[in-house]
Amino acid sequence: MKFNEFKLSKSIIEAVNSMGFEEATPVQEKAIPVILENEDLIAVAQTGTGKTAAFVLPILDKISRNKKKGTNTLIIAPTRELAMQIERQVQGFAYFSDIASIAVYGGGSGDEFSKEKQAFLSGTEIIVATPGKLLAHLRMGYVNFDNLEHLVLDEADRMLDMGFFDDINIIISKLPKNRQTLLFSATMPAEIRKLSAKIMKKPVMINIAISKPAEGVLQGVYFAYDNQKTPLINSLIRDKPSYTSIIIFCSTRKDVAKITASMRSDKYVVKAMSSDLEQKDREEVMRLFRAKKVRILIATDVISRGIDIDDINLIINYNVPGDPEDYIHRVG
């Protein structure tokens, strides 16, 4: 199905075309009409299926057709990297529309907090936020969601895994009851079902596919003791000079630091990514890796969900992930 068949506003279609998108993915094809009809929605779909556009496009369309004062949409994401990525996509799809957005996340400076505060005070149309930072602003008393029409919970299962269940409930208690609620998740554990029953009104359910590794990815497994892993990684990389984008996933920050030091001693161009880094440093690492100025990125699962990076040549799991879903997201 082509995007112009959804009868989205001209400015949205212009942005979609300029970004090179033509055919809707299955989750977009099923979700967009439901959202345009103002129905609550639960969408279960794995990483890489186009979930962000599935909710951003119809929301932008509705805002562009009926602009009102105040914040229209709140999108909640589990990590700052995902919040930033969603907001970048909002900006791209809203390029030809007069619709403002901002990403609100922890780890920033005082100047960034002031910009976020001003965005709340001025009623920026679309707020993309992590739960903790949003709560910090809510507690200050100046956030006004009286005109909110859309609530989106993205990577909902991940947010609950990270312990945000109570925070999300507090946030939702501050929102208008008369709103459209959209929940996107890779899985449907009992906690998600419980949450959806509490906050949604007769939601439409779409399930694109059970979670499985992305198609077309060659997968392999090596049985190795810990002291064999770094030499093994070296042997996998050494004879592949054409591999310019490699991610090595570790389960702990300690392993990230250890492998980073080892790879640097072998003269590889390496950067590390974990929650130990300041926000500006994390942004710079991702910028350099996307620009292919860093060949190897060694990271925890902080970048495994919802982060789009083109043309990855090799993914190495230094540790076996504790949850099959984590493996699927790393590969995705």
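Student: Which residue forms a salt bridge with glutamate 116?

Tutor: Happy to look at that with you; bear in mind that this is a predicted model. The closest N and O atoms of the pair are 2.9 Å apart, within the 4 Å limit for a salt bridge. Glutamate 116 sits in helix H5 and its partner in helix H6, so the pair ties together parts that are 17 residues apart in sequence. The partner is lysine 133.

Student: Is glutamate 116 buried or exposed?

Tutor: Its relative accessible area is 4%, and the cut-off for buried is under 20%. Glutamate 116 therefore counts as buried.

Student: How many residues apart in sequence are the parts that glutamate 125 and lysine 67 tie together?

Tutor: These two form a salt bridge, with the closest N and O atoms 2.8 Å apart. Glutamate 125 lies in the loop between helix H5 and strand S4, and lysine 67 in the loop between helix H3 and strand S2, so the parts they tie together are separated in sequence by 58 residues.

Student: Which residue is linked with Lys67 and Glu125 in a network of salt bridges?

Tutor: Glutamate 125 is buried at 11% relative accessible area, whereas lysine 67 is partly exposed at 39%. The network that links them also includes Asp98.

Student: What is the volume of the largest cavity?

Tutor: The search of the whole structure finds one cavity of 30 Å³ or more. Its lining includes Lys67, Lys68, Glu125 and Glu149, and by class it has one nonpolar, four polar and five charged residues. The space in this cavity is about 50 Å³.

Terms used:
Residues are numbered from 1 along each chain as its sequence is written. This is a predicted model: local features need pLDDT of at least 70, side-chain atom pairs count only at pLDDT 80 or more; totals for chains, interfaces and linings use all residues. Side-chain values use heavy atoms; hydrogens and water are left out. On a 1 Å grid over the protein atoms alone, a cavity is a set of points where a 1.4 Å probe fits but cannot get out, and a pocket is an open set with protein on both sides within 12 Å along at least five of seven lines; lining residues have an atom within 4 Å of a point. Grid points are joined across faces, edges and corners, and a volume is the space filled by probe spheres set on the points. Ala, Val, Leu, Ile, Met, Phe, Trp, Tyr, Cys and Pro count as nonpolar, Asp, Glu, Lys and Arg as charged, and the others, Gly among them, as polar. A salt bridge is a side-chain nitrogen of Lys or Arg within 4 Å of a carboxyl oxygen of Asp or Glu. Helices (H or I, at least four residues) and strands (E, at least two) are DSSP runs, numbered from the N terminus. Buried means under 20% relative accessible area, exposed over 50%, partly exposed in between (1.4 Å probe, protein chains only).
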